[in-house]
Amino acid sequence: MDPTVKKQSSSSDGTIRAVRAAIRLLALMIFLGILVLFVMMPTNTYKKKWFVQVVATTDSTYFGRQGATILIYTFPVLFSAVLGCAYLHLGKKLNNNKSKSSPKDRLAVLKRPVLVKGPLGIVSMIEMLFLVMFIALLVWSIYTYLRTGFQGIEDKAAKKGEKLWVSKLGAAALRLALTGNIALAFLFFPVARGSSILPLIGLTSEASIKYHIWLGHTCLTLFTTHGVCFIIRWIAKDSIWKQIREWDRTGVSILAGEISLVGGLVMWVTTFPRIRRKKFELFFYTHYLYIIFMLFFILHVGITYAFISLPSFYLFLVDRYLRFLQSQRKVRLISARVLPCETVELNFSKTPGLQYSPMSILFVNLPSVSKLQWHPFTVTSNSNLEQDKLSVTIKGDGSWSKKLYQMLSSSSSVDHLEASIEGPYGPVSTNFLGHDTLVMVSGGSGITPFISVIRELIFSSSVLKIKTPKILLISSFKSSSDLTMLDLILPISGGPLDLSGLRLQVEAYVTREKEPATENVKPLQALWFKPKATDAPASAILGPNSWLWLGAVISSSFVIFLVLMGLLTRYYIYPIDHNTGLDYPTSAQAAFNILLMCVSIAITASGAVLWNKKQNTMEARQVQNMEGSSAYGSPASFYNSDKELESLPRQSLIQSTKVHYGERPDLKRILFDCKGKKVGVLASGPKKMRHEVATICSSGLADNLHFESISFSW
């Protein structure tokens with residue numbers, strides 16, 4: 001490269017990094033300000049001085065009293081989400097520049113596991129710190145709410161003619177709900193798969209599911225206690241039948257709260273491990289009751305109070321609607337490889353504009369197997385090595401995957417398989433190059449996320465000529481037929497690969513066989529599908545600049561929502577219901593606002609998708625023309641790929657692989673023997689194995705081991 005061009009590129013990268021750092025700092029300051037608000041919210045100073053002043057300046061005939069909560073709670077979060085979109089777009093530009101330096105992980109020490117076993121699973125030091133801080137926030141909120149709520153309660157009880165304990169129980173029940181609203185405010189952030197908030201603090205959605213679980217348990221525990229306390233209070237006052245059916249016109253709608261709580265309890269019951277594992281379909285479909293839970297929660301408390309916890313739900317709705325639009329497309333499934341170990345590799349056609357990182361997750365729906373079921377799988381292809389193909393590997397462990405394997409491995413040929421996808425979703429960046437040695441420990445189908453990692457390092461070493469870390473892959477399999485999954489490490493398409501710079505060592509363990517099986521060995525079966533004219537290559541729903549478009553959708557939809565809400569409030573709701581002359585019903589106002597919110601999101605998201613559809617269609621035509629004029633995408637390509645498997649890269653992989661029969665890996669010995677100042681350790685597979693690896697890395701006996709926590713617990 002010309003030194004002048006190289007210098008300009010380096011200067012441009014430095015500017016981008018500086019801008020990203022400034023954006024991230026601003027977003028973190030906003031988050032800190034929001035946390036301060038949650039700390040101050042239970043105090044009298046906030047309620048009687050600060051918030052009153054804000055209401056005085058924002059209360060108008062245009063926005064009404066909800067203007068204050070929008071300004072304080074909703075706008076900062078959505079603004080941070082837009083900042084996150086800009087941050088991720090700039091990061092994508094850095095990745096496109098193929099920078100040869102890997103960023104230093106300044107939080108490596110804090111990412112080490114401190115808890116391994118127990119109900120919380122593997123928890124790092126930084127996660128533990130945040131957990132302790134969040135619990136402290138809840139305890140502080142409950143304590144402060146109760147202290148302020150009990151002030152002068154004796155006089156209030158005497159005026160109402162109530163027993164003191166009944167008044168205190170009602171006050172405590174209300175304060176428990178106020179504290180539960182804090183947990184609800186964060187509940188939907190982890191489940192927005194295309195979130196722009198989580199990457200700002202170094203998180204991904206699939207790795208944050210456990211936070212959603214923790215928040216869900218906390219939220220429903222507090223809300224359930226809130227409901228039970230009020231029921232006891234009504235029984236004590238002998239007014240339960242009157243109160244339980246009450247739907248107040250301008251106040252709190254008790255019946256709406258009860259419907260919300262029942263929906264939440266049904267969801268909650270199905271989340272416990274025994275039910276979720278044995279009846280996953282029941283768990284999955286009852287989770288759609290979140291619509292009932294949130295809708296009637298907003299009707300229960302009114303839109304003004306709901307704006308405190310609404311921002312995360314707003315971002316979730318944007319993400320969910322975009323996923324819905326993507327799932328309506330029929331994706332071109334071009335081929336499949338059926339391995340003898342009851343494993344299937346599905347290969348989708350894709351446009352070059354669809355980029356993703358290693359260990360990304362793809363949700364797949366195959367109507368011929370099940371019309372309703374969507375299943376997540378780790379992507380095994382690499383968007384740099386295979387620009388026109390997207391692959392996932394499916395192990396026949398459950399009923400859905402076994403049905404797919406039987407369908408494709410049967411004697412009757414399948415010439416077409418209809419498919420829809422959502423994603424891919426995954427980490428926006430990786431830090432694999434920051435290690436001296438990279439150890440990947442897998443069990444069974446847990447090898448699939450590491451295939452994408454190895455292919456990424458193949459691209460870095462053979463194309464970018466970057467020095468990659470030494471790779472040690474430790475894979476445990478039940479039988480020798482599972483060893484065929486190692487054949488998936490090398491891509492079957494693309495140009496010749498130079499593996500001379502890749503320092504790869506594979507240690508494979510077959511635990512249930514003493515020697516290689518020689519009888520009844522099934523050959524690898526290749527299938528080619530004939531796509532329909534309506535099938536299209538997989539593409540990014542918002543195009544190559546998806547993060548910028550997402551930021552535009554979030555900001556423009558919120559502006560449209562504010563305009564529509566203001567017009568509704570000014571000319572229809574405020575100050576009275578023109579039809580009856582009474583104050584406008586709180587639940588009706590909330591319902592109108594929810595409707596306007598959904599309409600705003602649908603208009604802007606649909607517009608963004610339609611705007612990018614033209615670009616995606618042009619790329620799809622180019623891909624189809626390339627497939628039609630080349631061997632790729634035809635049956636002959638599989639024969640060529642079989643020959644490629646016997647080529648020099650294939651032989652290099654065989655030489656780097658050592659198979660051990662009838663034994664399990666001694667992980668402690670292997671990990672402690674790893675050399676290098678910084679050894680990255682990743683584990684994927686059975687829970688017991690992941691906990692063992694995390695325990696070894698957190699023991700403190702080897703300072704060079706850095707456990708990289710990954711999660712595929714969808």
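Is E422 buried or exposed? In this predicted model, E422 is buried, with a relative accessible area of 5%.

**Salt bridges**

The side chain of E422 meets that of R193 in a salt bridge, with N and O 2.9 Å apart. R193 has a relative accessibility of 18% and counts as buried, because the cut-off for buried is under 20%. The two residues come from distant parts of the chain: E422 belongs to strand β8, while R193 sits in the loop between α6 (164–186) and α7, and 229 residues separate them.

A search of the whole structure finds 12 salt bridges. Another of them joins K330 and E418, whose closest N and O atoms are 3.4 Å apart. K330 is in the loop between α14 and β3 and E418 is in the loop between α15 (399–409) and β8, so this pair ties together parts that are 88 residues apart in sequence. K330 is partly exposed, with a relative accessible area of 28%, and E418 is partly exposed, with a relative accessible area of 28%.

A salt bridge also forms between D673 and R669, where the closest N and O atoms are 3.8 Å apart. D673 is partly exposed at 47% relative accessibility, and R669 is partly exposed at 44%. Salt bridges with shared partners join R193, D319, R323 and E422 into one network.

| Salt bridge | N to O distance |
|---|---|
| E422 and R193 | 2.9 Å |
| K330 and E418 | 3.4 Å |
| D673 and R669 | 3.8 Å |

**Packing of two helices**

Helix α14 (residues 310–327) packs against helix α17 (residues 546–573) at an angle of about 125°, and their axes are 11 Å apart. The two helices are therefore oblique to each other, and their crossing is right-handed. On the α14 side the contact is made by Y314, L315, V318 and L322, and on the α17 side by L550, V553, I554, S557 and F558. By class, this contact has 8 nonpolar residues, 1 polar residue and no charged residues.

**Backbone geometry**

Most residues other than glycine have a negative phi, and most peptide bonds are trans. The peptide bond from G423 to P424 is cis, with omega near 5°. P424 lies in strand β8 (residues 420–425).

D238 has a positive phi, near 60°. This residue is in the loop between α7 (209–236) and α8 (240–243), and D238 is exposed, with a relative accessible area of 72%. Phi is also positive in E342, near 55°. E342 is in the loop between β3 (333–339) and β4 (343–349) and is partly exposed, with a relative accessible area of 39%.

Conventions: Residues are numbered from 1 along each chain as its sequence is written. This is a predicted model: local features need pLDDT of at least 70, side-chain atom pairs count only at pLDDT 80 or more; totals for chains, interfaces and linings use all residues. Side-chain values use heavy atoms; hydrogens and water are left out. Helices (H or I, at least four residues) and strands (E, at least two) are DSSP runs, numbered from the N terminus. Buried means under 20% relative accessible area, exposed over 50%, partly exposed in between (1.4 Å probe, protein chains only). Axes are lines fitted to C-alpha atoms, for helices over the stretch in contact, and angles run from 0 to 180 degrees between N-to-C directions. Angles under 35 degrees count as roughly parallel, over 145 as roughly antiparallel, 65 to 115 as roughly perpendicular and the rest as oblique. A crossing is left-handed if the near helix is turned anticlockwise from the far one by less than a right angle, and right-handed if clockwise. Contact means heavy atoms within 4.5 Å. Ala, Val, Leu, Ile, Met, Phe, Trp, Tyr, Cys and Pro count as nonpolar, Asp, Glu, Lys and Arg as charged, and the others, Gly among them, as polar. A salt bridge is a side-chain nitrogen of Lys or Arg within 4 Å of a carboxyl oxygen of Asp or Glu.
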